[in-house]
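Student: I am new to this structure. Can we go through it step by step, asking what stands behind each label?

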Amino acid sequence: MPVVRLRAPLSELAGGKRELELDGATVAEVLKALEREHPDVRGWILDEHGAIREHINVFVNREYGQEDTSVSPADQLHVIPAISGG
Amino acid sequence: MTQLLVGTKKGLFVLEGDAGGPFAITSRAFAGEPVEFATRDGRNGRYLACVTSAFYGPKIFYTDDLSAEWQQAAGLELPEDAEKPLERLWTIVPAEDDDHLFAGGAPGVLFESHDAGASWELNKAFWEQPTRPDWSPGAGGMCMHSIATWPGDPKRIALAISAVGVWLTEDGGQSWRHGNKGLYPRYMPEEAREDTIDLCVHNMHRAPTQPERLFIQFHGGVYRSDDAGETWTSIADGLPSDFGFPMVIDPGDPDSAYVIPLVADLDRTTPEGKVRVYETRDAGASWTARGDGLPSEDAYLTILRQAFCGEGSGPSLELYFGATSGDVFGSGDAGKSWFTAAANLPPVHSVRAA
């Protein structure tokens with residue numbers, strides 16, 4: 001299964017786990033699986049419409065991923081806040 | 001002792017002290033995150049905070065004990081037919097019935113909680129306003145920042161939105177209508193001013209002892225209504241500028257209001273480098289500058305719409321406001337004299353006495 005890597009505060013919302021194996025064939029499916037397994041994450045990475053929040057980057061291995069980016073069982077997803085803000 | 005909840009660009013600061021002297025920072029929460037607003041529900045002591053992370057979106061958190069962990073509230077979502085997700089949460093106001101709260105946010109949305117803030121539901125009647133596709137945001141987004149309840153009557157509520165004017169309900173929020181007559185938007189072409197709903201209210205308050213009276217700080221204008229928001233009369237004569245954001249009233253005096261004028265919409269700083277609060281005690285017929293103890297030279301501050309509050313009433317009314325400079329000022333004598341409560345905080349978004 002794909003592996004999702006999280007940093008704080010998301011890892012804290014996921015029961016303290018920084019690395020989770022989750023099922024799914026796309027980025028959105030994997031992140032929805034994360035929300036099902038850890039409901040406290042709901043609304044933090046994906047907004048209420050299922051879109052990745054504007055200032056969150058999801059990398060599939062080394063590449064930027066979108067909601068519909070395909071994911072294979074060997075892939076790693078990194079969820080990282082964008083370099084933005086003030 | 002007074003406790004202040006100061007929402008800043010970089011977290012919530014809790015200050016404690018006595019009016020007249022500096023306050024101490026006793027705790028901080030949400031470090032690094034923008035806290036748009038924080039308040040304490042006086043009915044049950046619960047603290048509530050609107051936090052809009054640039055990364056993780058808008059949330060409301062609550063706690064009954066500042067030394068304990070804050071809990072995230074549920075249900076703050078927009079329906080699937082919304083073009084965009086919820087953008088920001090601007091205010092939380094206790095309703096007239098127990099454990100009932102309102103929260104206002106962007107884009108022009110009203111949420112209600114019936115469990116003291118733990119979970120929230122969108123007010124569908126307001127969401128489904130047929131004119132909503134024509135609504136325009138102000139510079140800070142389409143923010144619902146003011147929710148004026150009616151003491152003793154939970155069915156009568158007035159809302160204000162930048163820039164969609166005043167809205168009124170007499171059935172507890174099942175139906176809504178405009179309350180804009182008399183508001184005069186100078187920022188619109190003259191021929192469009194009469195019928196527009198692009199009305200940029202910056203702040204609105206109801207006088208609790210005379211609830212048909214409301215006051216508004218407008219985007220260029222200060223107004224009073226004596227008929228529960230149906231019509232509005234300008235009361236800006238006597239102010240150095242009719243532009244500003246926050247407003248406070250003395251809850252014991254329906255003829256009172258306090259504003260902090262800024263130069264104009266293109267120069268949102270205190271006029272002439274002097275920080276002055278202006279007070280009326282005759283319902284806006286005249287205004288008195290109150291600045292004893294406030295910076296009076298080379299002080300070009302910006303005070304945002306939720307960054308001014310009062311506590312108590314009468315001659316010992318306490319007033320507090322914070323600026324984007326990170327300074328917080330206070331008065332323990334209804335504005336006659338002022339002191340610096342705190343300095344060097346991050347830019348201040350909101351100030352409320354707990």
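Tutor: Start with pairing. Two strands count as paired if DSSP finds at least two bridges between them. Keep in mind that this is a predicted model.

Student: What makes E14(B) and E15(B) a pair?

Tutor: Two bridges join strand E14, residues 165–169 of chain B, to E15(B). The cut-off is at least two bridges, so the two strands pair. They run antiparallel. Across from Trp167(B) stands His178(B) in E15(B).

Student: Why is E15 of chain B called an edge strand?

Tutor: Look at the sheet order in chain B: E12-E13-E14-E15. The sheet is open, has four strands, and its pairing is antiparallel. Strand E15 (177–178) pairs on one side only, and so does strand E12 (143–150).

Student: What makes E25(B) a partner of E26(B)?

Tutor: Four bridges join strand E25, residues 318–322 of chain B, to E26(B). Pairing needs at least two, so these strands pair. They run antiparallel. Tyr320(B) has Gly330(B) in E26(B) as its bridge partner. Five residues lie between the strands of this hairpin, and Gly326(B) takes a positive phi near 95°.

Student: Which strand is joined to E26(B) by three bridges?

Tutor: Strand E27, residues 339–342 of chain B, and the two run antiparallel. Three bridges meet the cut-off of at least two, so they pair. Phe329(B) stands opposite Thr340(B) in E27(B).

Student: Which way do the residues of E26 in chain B point?

Tutor: Val328(B) and Gly330(B) point one way, Phe329(B) and Ser331(B) the other. In a regular strand the side chains alternate between the two faces of the sheet. All four named residues of E26(B) are buried.

Student: How do you know that the buried residues of H2(A) line one face of the helix?

Tutor: The buried residues of helix H2 (27–37) of chain A are Val27(A), Ala28(A), Val30(A), Leu31(A) and Leu34(A). Seen down the axis of H2(A), they fall within an arc of 165°, so they line one face. They pack against strands E1, E2, E3, E4 and E5 of chain A.

Student: What does each chain bring to the contact?

Tutor: Chain B gives nine residues and chain A eleven. On the chain B side, six are nonpolar, one is polar and two are charged.

Student: How do you know how confident the predictor is about chain B?

Tutor: The mean pLDDT of chain B is 96. The scale runs from 0 to 100, and 100% of the residues of chain B reach 70 or more. For the complex, the predictor gives an ipTM of 0.80 and a pTM of 0.94.

Notes
Residues are numbered from 1 along each chain as its sequence is written. Chains are lettered from A and ligands numbered from 1 in the order in which they are written. This is a predicted model: local features need pLDDT of at least 70, side-chain atom pairs count only at pLDDT 80 or more; totals for chains, interfaces and linings use all residues. A residue is buried if 20 or more other C-beta atoms lie within 10 Å of its own, exposed if 12 or fewer, and partly exposed in between; C-beta atoms are placed from the backbone. The arc is that of the directions from the helix axis to the C-beta atoms. Two residues are in contact if their C-beta atoms, placed from the backbone, lie within 7 Å. Ala, Val, Leu, Ile, Met, Phe, Trp, Tyr, Cys and Pro count as nonpolar, Asp, Glu, Lys and Arg as charged, and the others, Gly among them, as polar.
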